[in-house]
2 protein chains.
Amino acid sequence: MNQDYIIPNEWSIIEKGFHKENITASESIFSIGNGAMGQRANFEETYSGETFQGSYIGGIYYPDKTRVGWWKNGYPEYFAKVLNAPNWIGINININGNPLDLNKCKVSDFKRELNMKEGVLTRSFNAELTNGDKLKVNAIRFLSLNFNETGAIKYSVTPINFSGEIEFIPYIDAGIVNEDSNYDEYFWEILQFEEEENEAYILSKTFKTEFHVCTGMKVDFTLNNYEINLNKEVEKKEKSIAFKYKTNVNQGDIFTIYKYGGYTQSMNHKIEDLIFTLEKELQKIAIIGFDDLYQKQKDAWQKIWETADITIEGDIKAQQAIRFNIFQLNQTYLGEDSRLNIGPKGFTGEKYGGSTYWDTEAYCIPFYMSTKDKNVAKNLLLYRYNQLDRAIENAEKLGFKDGAALYPMVTMNGEECHNEWEITFEEIHRNGAMIYAIYNYVNYTADYSYIPEYGMEVMIAVARFWQQRATFSKAKDKFVILGVTGPNEYENNVNNNWYTNYLAKWCIDYALENLQILKADYAEDYQRIIAKTKFSEDEFDAMKNVADNMFFPYSKEEDIFLQQDGFLDKELIPVDQLPKSERPINQKWSWDRILRSPYIKQADVLQGIYFFENEFDKNTIKRHFDFYEPLTVHESSLSPCVHSIIASKIGMNDKAYELYLRTARLDLDDYNHEVHEGLHITSMAGTWLSIVQGFGGMRNFNNSLSFDPQIPKEWKSYSFKINYRGATIKMYKNHEGCKFTNESDAPVDIKVHGKNVTISSNELVALHRLESI
Amino acid sequence: MNQDYIIPNEWSIIEKGFHKENITASESIFSIGNGAMGQRANFEETYSGETFQGSYIGGIYYPDKTRVGWWKNGYPEYFAKVLNAPNWIGINININGNPLDLNKCKVSDFKRELNMKEGVLTRSFNAELTNGDKLKVNAIRFLSLNFNETGAIKYSVTPINFSGEIEFIPYIDAGIVNEDSNYDEYFWEILQFEEEENEAYILSKTFKTEFHVCTGMKVDFTLNNYEINLNKEVEKKEKSIAFKYKTNVNQGDIFTIYKYGGYTQSMNHKIEDLIFTLEKELQKIAIIGFDDLYQKQKDAWQKIWETADITIEGDIKAQQAIRFNIFQLNQTYLGEDSRLNIGPKGFTGEKYGGSTYWDTEAYCIPFYMSTKDKNVAKNLLLYRYNQLDRAIENAEKLGFKDGAALYPMVTMNGEECHNEWEITFEEIHRNGAMIYAIYNYVNYTADYSYIPEYGMEVMIAVARFWQQRATFSKAKDKFVILGVTGPNEYENNVNNNWYTNYLAKWCIDYALENLQILKADYAEDYQRIIAKTKFSEDEFDAMKNVADNMFFPYSKEEDIFLQQDGFLDKELIPVDQLPKSERPINQKWSWDRILRSPYIKQADVLQGIYFFENEFDKNTIKRHFDFYEPLTVHESSLSPCVHSIIASKIGMNDKAYELYLRTARLDLDDYNHEVHEGLHITSMAGTWLSIVQGFGGMRNFNNSLSFDPQIPKEWKSYSFKINYRGATIKMYKNHEGCKFTNESDAPVDIKVHGKNVTISSNELVALHRLESI
């Protein structure tokens, strides 16, 4: 049991006391990252207990050979695994010849803190070795936002009850295996070692993909804050290199090693420059020095928090949780590189392989769009644009043609990284999320240029897919989409999933609508795109026919869109009537039983209603929420947030808060007993959405930004900021009312509770007793 | 390409000429077995080319660790693999120090013959070694029907152009790995070696399952037919033991080694007796001698053929094929041991794991019932009866209770050996086949005692499963069965598969009907069964309610039972309109495309109509055949036979013959390019059914045995025999008419073309110009 050991704090994640059973969980929770790389919170010194060692570099993957019980045509032979990278943080310590290993010491005053305001991980403890030697250790570590190929460690040791010999053994190790590897193979080949002075470098490359990575370290020492030089002994093994520094210390001395390390890699540099470039980087940051580097780190995080922060008064655990989520999202992705994306576990684990799910489009883009410059969201869209050719190839493998595209369920480089037919081949709604994200982006940013420049090609390719994927049912006299898995993965291979059909029709309509706009207003782009895609009038008509005659399963009696054909044949017993002993059903029930049950893993019909809320009246929304939510088990981390947002919308505030709680501290409180595998990065965006779109009621449909702020009765107040078309708007809400501040130079028009409000530049508009405005 | 190289012959399978590309295919086709064990037709001497070495012992399996891409609750952790057994046939040959290896010689006059009349495999060839030495080899091998733990080899070598030294190295080797192994582990542990005179024994056991097996050999020699003694050198390795015999021979000499070998195993003997018993067996058959043993083998096969044979005049390939199928079925299973069953590959390969599918109940039981004593079919039923507890456990794993049973999709010991959720958990119709087999047996043999003694318990357990598996649909006001895979595995997770629902209702009705009979006529058995199963009146009523209110998908417009809900939403394009380049679809299409297509892998609705033909009129049958057969791709070896039988029934004789051809020579002509993996043993019963029930029109419903003989125009005549309730009836049919012979002591009543005919004991009734009777 490792739940509930994290100490509540507004700005920090804190663990006190040494508990071996929490090690792997804490390694996940205290993970650090800078968007370009990240690492689990492994100890610098050796640890012989249970640990999951993990360092990761954005964009570096390995095509592991597929493992499958029964092969199905169309499965990828290989797929990209998140790749455990060489370790540069290691510093082994020997005290009078005895290794420091917390698994074999008496440990006291153990404290670990992840300071989210500053982006720094600290750790301190006293250790008593088996021979009675006691020492105190302080370790500080961060991955630099300013120099994102590097990180820095300050690791201090003080003898408490002895004087004697201390040995520091900083090392870099490229002999790394993946935790998640299908055949326990080595993924890295070692190419070259370099060492000079207090620096060491290993150049390695991945097999097959041939990513070249230089891993390096540079170390300095101080004794009681005075720089000292030490002689070293070099220990070079087949895949690692270590320096041994010995010195004698007196009781009470503070002996400190500064270790600067990191990676340069071939996505960003020429292979022949990798070692040299890393040398330069490490030398540069060493000259800046640990303290100044730390100050820059604080400043950089300060800048992120300026727009990204959400404050919550009156609930310190909620405050801690939302900052944790915002912090981890920013550690994972900062939006500067359109070749990167937001992996489901970020840089905190390996499970699931690949990095990019439709989570990015459905959940993460709104977060990044509101908390950062619009180019960040644009980079996420460009990621998919750049992979369009692969998506077309992927569709061709499944028998589609003429430029139809199917984006993979999960990917690293555009190729599919998943092989479970009911998901890989059938969970095709993901294709619609690609287009929804474009729509969402253009809608929010008003940057229409994205469509002629990039988006239209993706829209055509996806619309082609839907047109080819739909088939005509004589029996229904409509187009149907057979054999799909909707967002609710507790149904497989169903016919006419309402969400999928709705999205398919919408994708075609939206593509055709934009084609008309381009034809009228962007003639040159239009011609280029028509020529490139070979799009014809006939195709236009065929698509329109499918969209206009799409079938939607519906029950007249219940006045409900049905999740799929035949949904009402199920025994519709609400979740709350299931015995507790049978929950979660994905652990207690066999798969067939789950499939024939009515239980919903995550929003399905309601996902569609959430995306297209403006197309449904409030009664319809409520009717569907009342019908489907009681059947929803929320066994996906992406489920509660959407339901929470809808519950807020329809005035079910208690329900909204209850659902919010299920997502907010998912990892911090380890609801599902799996945090040791890594954090649920993408679902963290869902928590942000639950507050901003849920309690805050922020919407952006039809060129109008609106708010409908509520506040959970458990909170005193909360506030968030959003970037909107160049303006920064701050929303503050308490039980008296709400206020909006326009922190930018131009006035902004918004709606609050349905009423138009204009906020002038740098003005604060306070809305007390809301019914009066 | 290894199709079409088998030379047509009435009684033999013959291969002429040495073609390396045919080796693995021939190893399957020329396989030999005696019901207790079997082996692929591997060469005795070493062969360094591509080969699949395989020896198998009935009932011996290994629980291999499951391999799966994405784990689902309910999957078995381990499942039983058909286990490659130690090799006792090996005889390496050195000529003047050079090994005989057909992969490295010039080979001429190569001939291989499987004499099916006698159950003997022979092989002869001339080989020229690289040094120019030429020799002639004759090898004869069989597995004894009379002494079924043993086999014998006579292997003769004649120097053609040299005199010199020949070395014979007979060996036994327990260092065997499975071709089909998930993690390339050794499954056998070596326990003990014994050797004395010209005999050697290895005692080994399987890991985990601890089957103990003694493998042994005993060798004798003749030179020009005179017994000789040779000194040996013993070569013992970690897992094998070989004897080296050297002698000088002159050009033209015939030097022969007789090798007697086989296994004793712990299913049949005490572990401590295994070596001793095998010694006795091998010494016994060596004393009998090769020639007399061979004579006994002929006699034993003669006895099998007496009832099992089918003659076909005018089509030698058809004659060869049907005998091949009958021969292989008898090599695989002789029905004396209720712990054994008929594996899909018999003793000819390992693919699929496990040994027992519903193929046994649906296809094999009718064959064995008609061609052997009724105890053989009864043993096959008892196999399932004895595994009832495991079937109940299996159902419990999936959430069923109170003694409901789900028989596994494939099994060796009653546990599930399959893990693909859409099959393992959902292809539940197999459960109905267990009951259908009981019904079929009782119907055919009139041995009702099986039901009170054994069958009733199985029926109750299966009926319980169906009652619990069905759920009530408010929308349909009927019981529905959701989330199943029917016999047509090209649909997964469908609702209300007509065949499954029909069988479920029938199983309940049949169970309840027999419960009533037992209550009235077998009171003691009834009381025992009620007490043992805790069956209650309430349960009776609940079951009846489900059966009486079962939903059957049906189209009024088409007047067709629908394969499943929503079937008519598919694009119903007949198979013959698919481009040839897209067939077989299971190789050309991705799985999702297959699933949403209307194409049928094997009989589904038609399987039900075949089983319960007496419940449908001819028009209904024809309507369904005309609707479904054009959508059927017959990509299961079990498909064409059922369709052929129905086509015969409805007078579509050309279609019936066309479909018959697709099953008759499946392996001999290697239609699917997979014969190297082993033979399709269970589907061989389908060919027999196509002739006897198809062309012969044999039926057995309502205590009446009837025939409706047709003959393909390509044949001159055909004949078959059946055992029926103690009588042996021979049917002969040509284009003039048909005749029936009653080879038994009592008269038999049959129907021919709907008319009653009584055939007296040993009488022949000839029916010429059939329309006149």
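## Exercises on a two-chain predicted model

In chain A, residues 24 or more positions apart make up 68% of the contacts (heavy atoms within 4.5 Å) that have a separation of 6 or more. This is a predicted model, in which local features need pLDDT of at least 70 and side-chain atom pairs count only at pLDDT 80 or more, while totals for chains, interfaces and linings use all residues. Residues are numbered from 1 along each chain as its sequence is written, chains are lettered from A and ligands numbered from 1 in the order in which they are written, and side-chain values use heavy atoms, with hydrogens and water left out.

### Exercise 1. The build of chain A

Describe the secondary structure, dimensions and burial of chain A.

Step 1. Begin with the secondary structure: chain A has 20 helices and 32 strands. Both are DSSP runs numbered from the N terminus, with helices (H or I) of at least four residues and strands (E) of at least two.

Step 2. Next, check the radius of gyration, which is taken over C-alpha atoms; the globule rule is 2.2 Å times the number of residues to the power 0.38. Chain A comes out at 27 Å, close to the 28 Å that the rule gives for 773 residues, so chain A is as compact as a globular protein of that length.

Step 3. Along the principal axes, the C-alpha atoms of chain A fill a box of roughly 85 × 60 × 55 Å.

Step 4. Finish with burial: 66% of the 773 residues of chain A count as buried. Here buried means under 20% relative accessible area, exposed means over 50%, and partly exposed lies in between (1.4 Å probe, protein chains only).

### Exercise 2. Where the chains meet

How many residues of chain A are in contact with chain B, and which elements of chain A give two or more residues to that side?

Step 1. Count the partners: 45 residues of chain A are in contact with 45 residues of chain B.

Step 2. Now take the buried area, the accessible area (1.4 Å probe) that two parts lose on being put together, summed over both. Between chain A and chain B this is about 3900 Å², with carbon and sulfur atoms giving 50%. On the side of chain A, Trp70(A), Asp569(A) and Arg596(A) lose the most area to chain B, together 20% of what that side buries.

Step 3. Turn to the salt bridges (a side-chain nitrogen of Lys or Arg within 4 Å of a carboxyl oxygen of Asp or Glu). There are six between chain A and chain B. Asp569(A) forms a salt bridge with Lys476(B), with the closest N and O atoms 2.4 Å apart.

Step 4. Locate the elements: helix 8 (421-424), strand 21 (471-473), helix 14 (585-588) and helix 15 (591-596) of chain A each give two or more residues to the side that touches chain B. Helix 15 of chain A gives the largest share, five residues.

### Exercise 3. A residue in a loop

Is Ser636(A) buried or exposed, and what is Ser636(A) in contact with?

Step 1. Find Ser636(A) in the loop between helix 17 and helix 18 of chain A.

Step 2. Its relative accessible area is 10%, so Ser636(A) is buried.

Step 3. Leaving aside neighbours within four places in sequence, Ser636(A) is in contact with Lys601(A) and Gln602(A).
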